[in-house]
Amino acid sequence: MGRVILRGRAAELGQVLAAFRHVARTGQAAVVAIVGEPGIGKSSLLFDAAEQARRQGFAVGVGKSEEIDRIAPGAPLLVALRSGRQPLLDAAAYAELADLHERQLWLVNRIAELIEEVAARQPVLIGLDDVQWADPLTRFALRMLPSRLAGSPVVWLLGSRLTPAEPVEEILAATDPSTAVTRVPLGPIGFDDLAALAADFLGASDETVTELLRGVGGSPFWAVQVLTSLRRGRARGRPDAGPYPELIAGLRRRMAALPDFVAAVVRVVAVCGRTVPAAAVAAILDDTTAELVVEAATHAQDEGLLTVDQAGLSLPHDVIREAVYAHIPPSERHRLHRARGRQLIADGSPALAAVPHFQAGAAAGDREAAEVLLRAAAESVLLVPAQAAALARQAFELDDRPETGERALEVLVDAQRNGDVLELADTLLPLAGEEARARIEIAAGWALWETSDCDELERRAATAAARPGVPPIERARLMALRALATTRTRSAPGAVAAAEAAFAEGTTFKDHITRRTALLALTEASRNLGEHQRVLDHFDRLETIAPGAHVAERVRALQQLDRYDDAGALLAAARRDAGDDLDRMLPSLLFAQAWQHHNLGQIEAADVTARTLLREADAVGNFAFAMNARMIMCACAIYRGQLTEARAAIAPLENSPESRDELRASRLHLARAWLAGEEGDLETALTIVRPLLDAADDGHHFWAWSPAWMRTFGGLARRAGDEALAGQARHIADLGARRNPGVATLQGVFLQLSGYLDGDPESLRRAVAAMRLSPRPLLLAGALRDLGTVLGADGAEALQEARALFEQAGAWGYARAIDDTLGVGRRPRSGGAARPTHGWPALTESENRVAELIGSGHTNRSAAAELQVSANTVGTHLRSVFAKLDVRSRVQLANALHVRDTPAGPAATTAQRTGRT
């Protein structure tokens with residue numbers, strides 16, 4: 001059967017085409033969701049609309065999700081990118097995606113870049129049918145891509161059944177607010193349209209046809225089935241043959257009338273669920289050939305039950321497949337599914353493709369199905385961790401032997417599903433022998449470390465290691481984990497002793513896992529003590545055991561030692577490995593890169609990188625990454641004097657369950673205290689600061705040795721009149737300086753805080769001298785500000801230098817505060833007034849350059865190449881440009897650029913850029 005003739009859908013098609021026109025006119029993306037019951041005509045409308053888009057000059061790609069027999073994660077979207085007469089992606093670009101198939105964020109980001117390149121030349125339509133069956137990676141991509149491409153002329157045309165509604169609803173919910181969303185619900189078509197459909201098929205209508213059409217409930221699919229049967233019967237001289245008011249009953253009778261072998265072929269195709277090669281059907285049926293299968297399939301095609309083409313055999317419509325499938329006896333259905341699954345595995349297909357067939361009819365004790373699910377979980381753990389975790393859990397439900405449970409546990413650890421790891425570990429422990437128990441406790445230990453439940457980790461590791469019968473190597477690994485836990489539960493000297501003992505055990509057994517864990521514990525303990533050179537020494541030792549495994553942590557250690565050139569070299573290498581694309585950097589490296597920018601006084605770049613990190617964190621649901629990103633965003637906003645934006649940056653974290661854990665959320669609490677002080681709420685600030693300083697003095701919090709915090713907290717205490725707390729901050733700053741001799745920043749912070757608290761200009765002069773040897777301009781500016789304030793009338797020169805440094809870094813709020821101290825009001829900034837929040841004068845220099853390049857026709861990637869930054873940096877600047885100029889697309893930006901540059905000539909343009917009138 002061919003595609004259903006489109007009748008009765010003029011209004012719905014008009015809605016879809018209006019969305020196309022909007023995209024073509026504005027250059028802004030749109031999402032169109034066609035929803036309705038099975039057989040109501042969703043696919044027909046989607047494919048007809050796609051053809052109309054092609055005629056209107058759109059580049060078009062269409063894919064379809066399958067209920068079963070999913071070939072690979074993301075297959076529907078990837079098929080759409082290579083479908084049609086003129087695929088969206090050429091073979092080379094498509095092949096490039098294969099290298100990214102084990103990293104879902106990288107894969108989706110690269111797809112976004114490739115689509116954007118096409119959209120720069122012509123509008124794009126990407127159609128995905130049957131979204132209700134989309135696999136997890138496809139759903140993830142469809143949540144991410146419309147927002148990522150909100151400023152490009154891309155239509156996302158989605159077809160979905162009403163149930164399950166979750167996939168399409170979650171995609172629509174994730175859509176950027178600036179993107180037009182059109183819902184097109186399909187209901188029954190009217191009788192006049194059914195009559196027109198009858199005329200299309202039969203040339204005329206009569207009472208028999210009319211009566212039959214009244215029984216189809218306005219469903220185009222049922223109507224076409226009836227009319228096809230009538231036309232086939234009349235062509236064969238049997239005018240009353242095949243009119244079925246109840247299609248399912250008719251299909252069953254039609255199946256029953258087929259020869260046994262032909263019916264068997266139809267049933268196999270229904271079980272396979274998608275287009276299947278004749279050779280595969282022959283393998284499932286045994287004792288036959290592909291030629292005989294094609295012959296039988298051709299017979300079934302004559303009866304309207306199969307479609308035969310070069311791709312293979314398929315059912316003409318999902319509704320027919322479901323009707324045939326439902327009539328297969330359960331035992332036969334399960335047998336055919338298992339045969340199909342085995343055939344896929346034998347042909348070398350990924351285990352994931354066979355999973356739905358092994359799941360069908362699988363029951364407790366099915367070791368074969370459990371094995372396939374575990375293989376599929378291992379295949380997908382890097383690409384779709386949530387899916388891998390679900391498959392691992394299902395495998396253990398089918399086969400609850402301890403050895404199966406351990407393999408499932410490995411997958412859950414790799415997928416970082418810490419709650420599932422602990423739950424499964426507790427299930428397995430009573431079933432396991434001593435050796436297996438130790439391995440299970442080790443897996444549980446890493447989950448407890450990741451969730452910062454270090455008291456429980458220490459208890460469990462010690463208890464497990466003390467059990468009789470534990471093999472020596474497993475005992476050593478448990479004791480190394482216990483040492484790691486003590487870096488959070490005990491004083492730092494005690495943690496160091498435990499870690500050194502564990503390292504000695506690992507050396508004795510030549511076990512690199514024990515040694516690596518013990519070195520991590522030593523690193524954590526040294527960080528908690530603020531001994532930054534020792535931290536770096538431990539990372540040097542770790543590098544010999546696990547090369548390249550701790551680059552981000554090594555960068556942070558170098559930063560603490562003022563070795564920013566060395567840190568920058570490592571980060572530059574990481575960026576090169578990622579193709580100079582921030583979204584391809586690991587989140588830990590993004591965090592290190594953001595602090596590199598921040599500490600070197602590059603506030604705008606730090607903010608851009610933090611927002612990239614936040615996108616990564618939100619995509620995978622990682623609280624720690626989100627907290628780190630939002631803290632940096634908050635800091636940048638505070639420096640700019642945007643306290644409302646600073647509060648908004650951390651607000652989403654305030655009520656999260658993780659925020660109640662003082663250790664895990666320490667950075668959040670630091671930002672809250674700083675912001676409260678900036679807002680003038682000293683009581684709240686000190687309520688937060690006191691326990692933080694107490695914990696820092698115990699050697700449990702490595703943040704205490706990041707230089708700027710002690711001056712911030714000591715200053716808050718002084719302003720509130722709490723001399724004891726101010727003295728505690730001075731004590732910690734002194735420890736940091738003494739433990740890191742030769743580190744100018746730490747020496748300078750101690751001198752600065754002491755001079756500020758004592759009102760001692762000489763100490764502050766020494767602080768400024770030390771800070772001039774530091775690579776951190778914001779801290780030098782802070783020391784100069786304190787010196788100028790203490791000097792009073794003689795401090796204008798120091799204040800003016802501090803102001804210039806703050807302004808150069810982009811810390812406009814701090815620069816304006818110095819203006820108030822100097823009593824000069826709001827001074828011009830670099831020849832212009834204080835930057836407004838909207839319009840061309842609100843744009844930074846970087847944003848202006850991006851706006852000019854994009855407005856002149858550049859893509860994000862070509863603009864990035866021109867500016868020698870990443871495409872993601874351009875994207876972040878572009879979103880800011882859209883917001884400040886109140887434009888919603890590249891076309892509108894180009895128009896705004898034309899208006900800016902045309903009316904009054906170059907002089908006016910310069911004034912507009914700088915804010916002068």
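This is a predicted model: local features need pLDDT of at least 70, side-chain atom pairs count only at pLDDT 80 or more; totals for chains, interfaces and linings use all residues.

Trainee: What angle do the axes of α38 and α40 make where they cross?

Mentor: The axes of α38 (residues 744–758) and α40 (residues 777–791) cross at roughly 20° and come within 10 Å, the axes being lines fitted to C-alpha atoms over the stretch in contact, with angles from 0 to 180 degrees between N-to-C directions. The crossing is left-handed, that is, the near helix is turned anticlockwise from the far one by less than a right angle. T745, V749, Q752 and Y756 in α38 meet L779, G782, A783 and D786 in α40, where contact means heavy atoms within 4.5 Å.

Trainee: Why does E604 count as partly exposed?

Mentor: E604 has 28% relative accessibility and therefore counts as partly exposed, since buried means under 20% relative accessible area and exposed over 50%, with partly exposed in between (1.4 Å probe, protein chains only). E604 lies in helix α31 (residues 603–620), and, leaving aside neighbours within four places in sequence, E604 is in contact with T844, S846, E847 and H877.

Trainee: How do you know what span to expect of helix α2?

Mentor: The expected span is 1.5 Å times one less than the number of residues. Helix α2 (residues 42–55) has 14 residues and reaches 20 Å from its first C-alpha to its last, close to the 20 Å expected. Its buried residues include K42, L45 and D48, and α2 is followed by G57, whose phi is positive, near 100°.

Trainee: What makes a set of residues a nonpolar core?

Mentor: The members must be buried Ala, Val, Leu, Ile, Met, Phe, Trp, Tyr and Cys residues, joined through side-chain atoms within 4.5 Å. Of the 82 residues in the largest such core, V355, L391, L409, L424 and I440 touch the most other members. Helix α22 (residues 434–450) gives the most to this core, with nine residues. Apart from it lies another core, of 81 residues, with W709 and M710 among them.

Technical notes: Residues are numbered from 1 along each chain as its sequence is written. Side-chain values use heavy atoms; hydrogens and water are left out. Helices (H or I, at least four residues) and strands (E, at least two) are DSSP runs, numbered from the N terminus.
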